[in-house]
Amino acid sequence: MTITSLSRRLEKVEAKRPPGTSIFIAWGRTLEAAEGEIALRQRAGMIRQGESAVALLWPDPEPLPASRRVLFNGGRGREPKISDRELALLAAAFRAEAVDRERATAIKAGENVSGLDETDFYIRSLRRESRNLDQDLRFLCREENPEPEIHWPERQSNGLHRPCACPTCLSDKTTPMGAHKAHATRQAAWLARYLPGEGLFV
Ligand SMILES: [Zn+2]
């Protein structure tokens, strides 16, 4: 994962919080376990009334991170004490929540949603809430159309370059030209599907 995508995720998480506020994050091997953890701490008064708390599924084999209060928006130079992996999962949970909310709103309004998927609903939530729509749409496009895997020619001792000759390069999937072309085609199709006529420069 790139630094850019992580800092963008952090911004998006922070954008939902007034300065200096915290979120209680509870990790569980199942969502039910994480929700139970929150309920337990609310009863014990360890999570205050009205305080944001989010239950998160920990899908990795590594030990569960501690359930705890994390301060966001602490100001410049005050990074929240949260790992990159935790942040990515938290951002994904916020995205899933936004998708559910948009879908429920559309269904309630009597809209036929059979042709719409998660990306459609997420774009709607961005249109509704984003503070920098252009940047967020570009970020989403890059995230859903990641850079292709490319095998560059190998520089030899005589200064010449020898193209890779592995099976995927022989079928042109991972050569610089082939990979770029396939990526451009896929991305154009994505843009035509989700953001037609947007004129989004990627
Ligand atoms: Zn190759």
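**Exercise 1.** In which loop is the place of aspartate 172? Determine also whether aspartate 172 counts as buried or exposed.

*Solution.* The model is predicted: local features need pLDDT of at least 70, side-chain atom pairs count only at pLDDT 80 or more, and totals for chains, interfaces and linings use all residues. Residue numbers start from 1 along each chain as its sequence is written.

Step 1. Aspartate 172 lies in the loop between helix 6 (167-170) and helix 7 (176-194); helices (H or I, at least four residues) and strands (E, at least two) are DSSP runs numbered from the N terminus.

Step 2. Aspartate 172 has 12 C-beta neighbours inside 10 Å and therefore counts as exposed. The classes rest on other C-beta atoms within 10 Å, placed from the backbone: buried, 20 or more; exposed, 12 or fewer; partly exposed, in between.

Step 3. Phi of aspartate 172 is near 70°, a positive value in a residue other than glycine. Most residues other than glycine have a negative phi.

**Exercise 2.** Describe the order and pairing of the strands in the open sheet.

*Solution.* Step 1. The order of the three strands is 2-1-3, with mixed pairing; strands pair if DSSP finds at least two bridges between them.

Step 2. Strand 2 (53-57) and strand 3 (68-71) are at the edges with a single partner strand each, so one side of each has no neighbour in the sheet.

Step 3. Strand 1 (residues 22-28) and strand 3 run antiparallel, joined by four bridges. Serine 22 has leucine 71 in strand 3 as its bridge partner.
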